[in-house]
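Dear colleague,

Please read them with the model open beside you.

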Amino acid sequence: MEWRSTWTDPFQAYLKPFASLIRDRRTWRALLETVKGIIASGSVIGTRIAASSQELSQSKNGAQRVLRMAKGESTKRSELDAEELTARLRQVGVGQLRESKADEVWFIADGSELCKPYAQEMPYLMQVRDQNKKLVPGYRTLTVLAVTPKQRGILYQKVFSSEEPGFVSEPAEVQTMLMTVHEAMKDGQVQSQVTWVLDSGFDDVAVWRTMWEQQEHVVCRVCQRKRLVQWQTESKAWSKGPLQEASKRLKMLAMVRTNMEVPLGKQAHPKRQEVDVEISACSVGLTYHSEVRRLSQEPDQILPKDLWLVQVRILNCPWEPWWLITDWPAETEAEAMRIFCMYRQRWGVEESFKFTKTCFAWDEVQVLDWQAIKTLVALAWVAAGFLYEMGVTFSWEEVQLLAKLGGFVPHRGRFPGKIVLLRGLARLLEMLATQAILSRYASEHGTLPPKITAFLHALSPPNEL
């Protein structure tokens, strides 16, 4: 998609793939204005969404229109729930991957919490850990972003709870995520080589097994350092023991200087700075059961897999070195660097998860309807997709203006991020909503209140900005 000023409404162009889900004009307008309101308000609360929408702000029941749509009460002729919205996001993302014809694509999976520490009446609350690792009420989420050198696409998102009817287990939810994304790529005839880049929450043989069955690759942060593996000794004999014992064979392959947000020396807080990174690797072998944690009638097999343990150590940094398990070879400097770059990319993509969760305030969702909760979070991802689609090319005059509105100060070698662009876009949308409310008041009462009129005249900008 290209955002150009000649468009009547870039939101309509972005939401066009969702149009076939909707059967009436009123629901289409509600969807359009809700996405605008989520971006402008930075919230999934109905009243805030409506107040920040040019159209919904003029309606006495604007917030109710948002909530009724999220609950499915006003969409009987439309298929507008979390599952359908996510499926359409996935269809768009897969189409973009097919058109890009990239040789490879990295899937960044994220499992995080939607914390509701003060909630008591919301449906199906479970126990999750907040940022301080304390147990609080809330829900769990799973998300997958596809990354190529030129684009990002949302392929999966789901809010779930262990307390909801029909829930099986979180590992089962992860398996559904893996198979859903794989089938979408297969149906979309995307030929790119897939690598899943995962954090330690996915350090699980059952997860890796499914990826290998799907002919996909893995780069995963290690959590279980006592996992049993095999390795060949210098005398060519095979030894078996925990991964931490195998790590004694790590061999340094590369040293690189790069910019990362970490603490060095006695620094109290991380900051972005130049660091020296040492990358080491060694080969290990893993045997696993083909039917591990699977209710299947198929005969169980014990299968071997050649893997590599890659250690990334940031010099003069108090943080523990990264341990990464991968089925990609890491025998040379170039191969070790490639694994480092893959996981380093995950750090950058985690900013996307942080951007969506922070800027659209998932944790603020307050409705007492389970479908509405899931739909509002899905709509937040639809809104995030608009920002991804908008592009990151600073040469576009539209992006430069949004950056200025968002408070970006030009600096050599530095470009605005998504949060800055979102802030600029939100200011534009708030301006439209403000104009709409003032215009309606003036039309109903003949004029604005005298003090408001004086206030606006006093704050009117000069002719030359």
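Just after helix 7, Q215 takes a positive phi of about 60°; helices (H or I, at least four residues) and strands (E, at least two) are DSSP runs, numbered from the N terminus. Please keep in mind that this is a predicted model, in which local features need pLDDT of at least 70 and side-chain atom pairs count only at pLDDT 80 or more, while totals for chains, interfaces and linings use all residues. Residues are numbered from 1 along each chain as its sequence is written, and side-chain values use heavy atoms, with hydrogens and water left out.

Helix 7 is mostly covered, with eight of its nine residues buried, where buried means under 20% relative accessible area (1.4 Å probe, protein chains only). Those buried residues, which include W208 and W212, pack against several elements, among them helix 6 (170-187) and strand 10 (271-289). At the N-terminal end, D204 caps helix 7, with a side-chain oxygen 2.9 Å from the backbone nitrogen of A206.

In the loop between helix 7 (205-213) and strand 6 (217-221) we find Q214, which counts as buried because its relative accessibility is 12%. Leaving aside neighbours within four places in sequence, Q214 is in contact (heavy atoms within 4.5 Å) with L178, M179 and H182.

Best wishes

Methods:
Buried < 20%, exposed > 50% of the residue type's maximum accessible area, 1.4 Å probe, protein only. Polar contact = N/O pair within 3.5 Å; in protein donor to acceptor, adjacent residues only side chain to side chain.
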